[in-house]
Amino acid sequence: MSTSVPNLESPVAQAPTGNLELTVSRAELLRELTAAQSVVERKTTIPILSNFLFEATEDGKLTITATDLDQSLRTSCTAKVKKPGACTIPARKLYDYIKLLPEGDISIKLMDNHWVQIRAGRSNTKMVGMARANFPQVPEFPASGAFKISVPSLKGMIAKTIFAISNEESRYTLNGALLVIKAESMAMVATDGHRLAHVEKLGETIEGVSGEKKTLIPRKALAELSSLLGSTEADTLEFGDDEQTLFFKVGGRVLTSRKLTGQFPNYEAVLPRDNNKFVIVRSEDLMGCIQRVAQFADERSGAIKIRLEQNELKLSSSSTDAGESEDTIETPYNYDPLVVGFNSQYLIDFLKAIGTQGEVRLEFKDAQSAGQMRPEDGNEDVKYRYILMPMRI
């Protein structure tokens with residue numbers, strides 16, 4: 001009876017599964033573990049998901065993968081690989097332990113029964129791992145069809161929209177931001193039904209786009225992407241997708257995320273067209289006023305009242321528990337008087353996103369219609385607007 005022996009030289013051979021043995025610098029390992037550990041599922045019912053997958057190859061590369069099934073992060077660093085192979089190690093415990101080790105080289109070796117030995121200086125530790133075979137397959141970056149996107153542009157767009165994404169799990173098409181890529185611009189939109197943030201960056205040359213490409217990116221992936229973009233030296237990232245998955249390649253790191261299904265609402269229909277009453281104030285002044293007045297707003301609704309009269313903007317709030325407060329900013333205003341209520345936290349979120357330098361423009365139609373805010377910064381390349389539904393007070 002003949003048994004067929006798999007040809008390990010064939011190109012379809014899986015990632016290494018041998019008895020991994022390597023040496024790696026603590027600084028490099030810690031840098032990559034820091035990037036990957038935020039993806040690891042904390043409260044998982046599937047134990048393998050709380051592990052890192054380590055894969056060492058003969059070319060002196062250690063690849064580290066973390067996944068929670070919704071998203072995955074794959075990163076790598078150089079290592080002295082004595083024996084190529086793979087193992088899984090409890091992520092949180094390893095990360096906490098490596099942080100406590102002094103600078104220098106760390107040797108990692110797979111032992112029997114999936115235990116992993118870690119040696120550094122005079123420290124010698126054995127950690128209980130799990131079988132490599134149990135670790136889920138992570139999707140591979142697509143071979144073609146990826147777009148190159150500017151790192152600073154995307155990072156700025158995420159910061160200007162992520163706070164407006166809905167937290168309500170039931171409204172799952174609102175649990176992400178919509179990225180719209182065109183040949184010479186890109187935009188990002190997020191809404192939770194009460195407010196909408198829309199930012200458009202002009203003058204971006206993105207090759208390979210015909211017409212426009214719309215992609216819904218989950219909130220969790222945006223947060224992860226934002227921290228990757230914040231810690232990279234690269235100027236551009238690669239963005240690709242297939243039927244189920246989004247892929248972002250930032251430097252040597254690849255983030256994948258499961259796509260959100262469903263249609264993002266037709267946001268263009270709610271963008272105000274005729275908000276012809278406007279006032280321009282210093283962002284810092286407005287932020288100070290709102291924060292003071294919000295202390296006395298109803299705790300549940302956070303509602304504050306904006307009153308526009310001849311050359312002044314008045315903010316006020318009251319609650320039966322806390323009392324009442326009023327603040328005034330003098331500013332040119334020559335339209336009909338107007339009183340409208342908004343959620344103070346929503347106003348603060350926007351002012352934090354634009355920073356307190358410069359001025360902000362508030363545009364209104366009447367007390368029942370959405371208000372619009374935008375930075376008055378003369379930046380023609382970045383068009384940023386924030387639309388807020390009014391509250392009854």
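Two strands pair if DSSP finds at least two bridges between them; helices (H or I, at least four residues) and strands (E, at least two) are DSSP runs, numbered from the N terminus. This is a predicted model, in which local features need pLDDT of at least 70, side-chain atom pairs count only at pLDDT 80 or more, and totals for chains, interfaces and linings use all residues. Residues are numbered from 1 along each chain as its sequence is written, and side-chain values use heavy atoms, without hydrogens and water.

Colour by pLDDT (the predictor's confidence in each residue, from 0 to 100). The protein averages 92, and 95% of the residues score at least 70. Residues 1-14 fall below 50, with 2 contacts (heavy atoms within 4.5 Å) beyond near neighbours in sequence.

Select β16 (245-250) and β17 (253-258), which pair antiparallel over 6 bridges. Phenylalanine 248 faces leucine 255 in β17.

Finish at helix α2 (residues 91-100), where Ala91, Leu94, Tyr95, Tyr97 and Ile98 are buried (under 20% relative accessible area, 1.4 Å probe, protein chains only). Their cover includes α1 (26-37), β2 (51-57) and β6 (85-90).

Methods
Buried means under 20% relative accessible area, exposed over 50%, partly exposed in between (1.4 Å probe, protein chains only).
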